[in-house]
Every structure is written in structure tokens, then in C-alpha cells.
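Student: I am new to this structure. Please take one part and go through it closely with me.
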Amino acid sequence: MLRSPAKLLQLFVTLVTCAFLFVPTLQSVLAGVTANYFRGLSSGLTLKWITEVWELYADSIFLSVWLALACLAVTLVIGVPAAYGLARNPGRVSRILEEFISLPLAIPGLALALALLQLYGSFKGFRASPAFILTGHVLYTLPFMVRSVLSVLMAMDLKTLEEGAATLGAGPVRRFIDIVVPNAMPGILAGALTVVTLSIGEFNLTWMLHTPLTKTLPVGLADSYASMRLEIASAYTLVFFLMIVPLLMAMQWASARASAKASKAAQ
Amino acid sequence: MPRPVFPLQRSATVTSRQFAGLCLVPLAVFTFAFLALPLVRLILGSAEGDAGWGIYLQILKTPRYLSALGQTVLVSLAVTAAALAVSTTAGLFLVRNRFPGRNVILSMLTLPLAFPGVVVGFMIILLGGRQGLFNQLLPGHLVFAYSMFGLFLGYLYFSIPRVLLTVMAAAEKIDPSLEEAARTLGAPAHRIILDVLLPALAPSLIAAGAIAFATAMGAFGTAFTLATDIDVLPMVIYTEFTLSANFAMASALSVLLGLVTWAMLLIARSFSGTTVAAGG
């Protein structure tokens, strides 16, 4: 395998990159469970930083979980029917609509947040509630849900399936619930996991939209990086990793499954 | 009472058409209220200062904004070049070679996909901050996290996994017999890379590069964690809005930034159909 110097160089670059990405992750995990980071592991392992994080930031962790689930519910209610509507009306208007809802992927979260703030910032009740952050999260995650479901729907022969059901007397709503949703399930699952993962980690929009009473997990992270000792900041990051890494793995698995289904159906 | 077949079918298609249209209503309402209207407000808001629409000219005339724009473009270009070089090298290696531990390496390289920009900033602080790894190993010499180099490393950190996945997906589709043919014809390794692999990868590299550039231009979380005194565009927008309460300028700079990143993503889309979550 390592016959040529070119191969050796490639291996070297790969390993250095790996170290660059992984060493700080490992450092933060270790610092989060080490009694005193500067004295090193010899100072002993402890869970006291984790408990301290829990006391300080449990509210923001719960708010993030709640927001992610609410965001999932809203993107399901808006996104799944919308993907069906787009799949049934392929044409110019649908393409423009799809492009337009994808704008939040292209425009930085900071700019979107400023736009929302300037238009809705004076509605005090809305501005101060978690619903304001939820709006931002839905805006950012909705295109992922729509595209994930749409790509599965476009790959299957929706028309034949629906015509079959229609000859048996099923109306459009019945067909949507009994035919479309079950067939689109891999896309819905992949979209759902993407939405939850992105919502839990969202910072750029959330930082601008939050109030002192609506702090989410990443907002708390920024707070701990700025004002807490390194061990607490690391322990909080460790808690975040424990939540996000399983989600990321599930998301990658579900996305691979959905695209396998889409390409299988397309053949 | 049996009814004629034709009108029944006709009325059924009309209602299912209507239903498919109705399915788009919630999306249209949400997008109109929370995307279209706010964006219009942002654009109009940029002209509400003393300078009116001349504010866009003012950006070009004010050294602080101009240098921030220049610095942001430069660091984003540097990150794009570095991320492409590193990810193409590692990606081709991982696609062409199977060895024990390959999947572990692959997981390590894609793990940061889910890290928000703030966490990436913290990773760079752990490496190059005052209490970081390098400063512990070589005390007093290597604190780079809070400089432009730290920002560069932070942007590189979140760009590598995204570019790597795009490159690997494209490299897996290249027919290995092309390489074999070149090798049988006696082409040296660097010619195979230059004449066979890179041309085949070019569309994906352009797409991935455009996305990396756009993400770096708009990255806020990493810059926010690392340093508030580095003038990159998102930080300038943030300070204009929160500290100076100069809403018109914050809006104008946001519109400018949004146009640049949107244009980059359009380029990316025209070269490949992939969408990658913008993070940072």
C-alpha cells in the first residue's frame, strides 16, 4: 500500500488532518472530567464539573430539546405536505418556490436574524418568547425537510401508486395518508433527524434572537466559553457531544438509507 | 344510481389537484411571513439611514468596512484553498485504499459536521489558546487562537469535513480503469493526478469550494468565540447592530454579505446538485 512517496505523503496529510480535528475534541472530553486540567490527568477524574454544568445550564439544555422537538413538529406539518405539493406540481412555480425556501441555506444566519428582528422585534410578546427562536429554527431547517422528502417522492412513481388507490375509491386525503406518507418515510426520517440535529446546534440565528430568559444550549456554550473556567466549558461541551454525536450518526445512517431508496426506486 | 364514468374521473382529478395545491399553503404562508417580508424589510431598512441608498457607496468609501470586507474575502479564499488541498489529498487516499482503521479515520474526519461555530472556536482555543495544547507543550511561544491565523484554522476545521464528503462522493464515481489505462501507458503518478483525477473531480471541487467560501464568509459563531477584535464582516455587522445601534449600516452589510454568499451557492448548485448545511 505504501510503495510510493506520494502515497506516504497522502497518508501523512490524512493523519495530520485527523489529529487536527480529533485532538481538541479529545482534549475537551478529558478536560471535562479532569479535576484540574493544568495539573493533568494525575489530579484525578471527577464528575463534579458535569454536575456543576447541570446546575448552571439544565434550563438551557431543556429549552434546546424542547425547541428541537417543536421545530420537528412544525417542519413535519409544513414540510411533508409541501414536498407532496411540489412533487405533484412539477414546474416553474414549484422550482422557484423551492429555490426561495432554500435561501436560508445561502444567507448567513446573522443576516436572517437581523431581518426577523427588524420586522418582528417590536412585537414584545413574540420577541420575548421561545417562539421567536423557534421561528428562526424552522426557517433554517425547513428546506432540509422539504428536500429530503421531495427527493424520495420524485424518485418513486407517485402517479401510478395514486391512480391505483384512486380506482379503489380513495380520495386525495386518504391517498396522502395511506400511500404518500408511508412511501416517503425514509425521506421523512432522514429529514427529521437532520432538523433535530441542526436545531440543537444552531447558534448564529439563535444568538441574535435569544433573550436572557430564552437561552438555548449553544448560547449557554458561548456563555461558558467566555466566562467559566476551562473545565466547566469542557464539561458542557462534553454534554453537547453526548447529545449531538448519536444524532449525527443516526442522521448519516438515515440519509444513506433514504438516498439508497431513492436511487433504487429510480432504476 | 350509476353515474357516468367520465365526469367522476374528471371531478376526482380536479379535487386531487386542489389538494396538492392546498398542501403548499402552509409553506407559502410561513415563507411569506417569515422569509419574504423580513428580507424586504432588511433591504428597505438599509436605506433608512441618513445616506439613503447611498449607504452602499458609503461602505466602499469607509476604510473600516472596506478593510473588513477585504480581510473576510482573503481569509475565506485561504480557507477554501487549504480545505480543497487537504480534503482532496485525504479524500483520494481514503477512496483508493482499504486498510484497517480506515472507518475510524473516516468517522474522526466527519465528526465535526455537527459542531456549531462556537464549539469549533472552542476547539481552536483548546489547541492554540492561552491554556491550549501548544502553549502547554512550548510555554510562552504559541498562542495563535485569537489571531487571524486562529480564525483561519477555525474555518478550516469546519470546512474540511464538508469538502471531504463531496470529494469522496465524486471520487467514488470515477472509473478506476481510466487511471489504470494512464498507468499502463506509462504516465507517472503526478501526471495521473493532473490529467485524469483532477479534471474528473473539477465540478465537485468547484462546488465544494464555493460552499466552503460562502460558509467562511458568513461564519459568525467561530469569530464570536475566538476574538471580538478581528474585523471580519459578520463581526462588524454584529457590532454595528448591537453596540453602535447603526441599524441601516448593519442591514446594508448584511444585504451585501447575503448577496455574496447566495451568488457562491448558485455557482455551487450549477456545478453539482448538492446542498450542504451552512454552519460556522
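In what order do the elements of chain A run from the N terminus on? And once that is clear, please give me a close look at helix α2 of chain B.

Tutor: Bear in mind that this is a predicted model. From the N terminus on, the elements of chain A run α-α-α-α-α-α-α-α-α-α-α-α. That is 12 helices and 0 strands.

Chain B is built from helices too. It has 13 helices and 0 strands. Its radius of gyration is 25 Å, whereas the globule rule gives 19 Å for 280 residues, so chain B is more spread out than a compact globule. The C-alpha atoms of chain B fill a box of roughly 90 × 65 × 35 Å along the principal axes. For chain A, the C-alpha trace spans about 75 × 65 × 30 Å.

Helix α2 of chain B covers residues 25-45. It has 21 residues. From its first C-alpha to its last it reaches 28 Å, close to the 30 Å expected at 1.5 Å a residue. The helix also has a kink of about 40°, centred on F32(B).

Which residues of α2(B) are buried? They are L27(B), F30(B), T31(B), F34(B), L35(B), P38(B), L39(B), L42(B) and G45(B). In chain A the partners are α2 (48-88), α3 (92-101), α4 (103-106), α5 (109-120) and α7 (130-155). In chain B the partner is α13 (247-271).

This takes us to the interface. There, 70 residues of chain B are in contact with 64 residues of chain A. Helix α2 of chain B gives the most to chain B's side, with 12 residues. By class, that side has 52 nonpolar, 17 polar and 1 charged residues.

P24(A) is among the buried residues of α1(A), as are Q10(A), T14(A), F20(A) and L21(A).

Next, one residue inside chain A. A190(A) is found in helix α9, residues 172-201. Is A190(A) buried or exposed? A190(A) has 28 other C-beta atoms within 10 Å, so it is buried. Leaving out residues up to four places away in sequence, A190(A) touches S148(A), A254(A), S255(A) and A258(A). M251(A) is 61 residues from A190(A) in sequence, but 6.0 Å from it in space, C-alpha to C-alpha.

Finally, step back to the whole chains. In chain B, 44% of the 280 residues count as buried. In chain A, buried residues make up 49% of 267. Take contacts with a separation of 6 or more in chain B: residues 24 or more positions apart account for 75% of them. For chain A, 76% of the contacts between residues at least 6 apart join residues at least 24 apart.

Conventions. Residues are numbered from 1 along each chain as its sequence is written. Chains are lettered from A and ligands numbered from 1 in the order in which they are written. This is a predicted model: local features need pLDDT of at least 70, side-chain atom pairs count only at pLDDT 80 or more; totals for chains, interfaces and linings use all residues. Two residues are in contact if their C-beta atoms, placed from the backbone, lie within 7 Å. Helices (H or I, at least four residues) and strands (E, at least two) are DSSP runs, numbered from the N terminus. Ala, Val, Leu, Ile, Met, Phe, Trp, Tyr, Cys and Pro count as nonpolar, Asp, Glu, Lys and Arg as charged, and the others, Gly among them, as polar. A residue is buried if 20 or more other C-beta atoms lie within 10 Å of its own, exposed if 12 or fewer, and partly exposed in between; C-beta atoms are placed from the backbone. The radius of gyration is taken over C-alpha atoms; the globule rule is 2.2 Å times the number of residues to the power 0.38. The expected span of a helix is 1.5 Å times one less than its number of residues. The bend at a residue is the angle between axes fitted to the seven residues ending there and the seven starting there.
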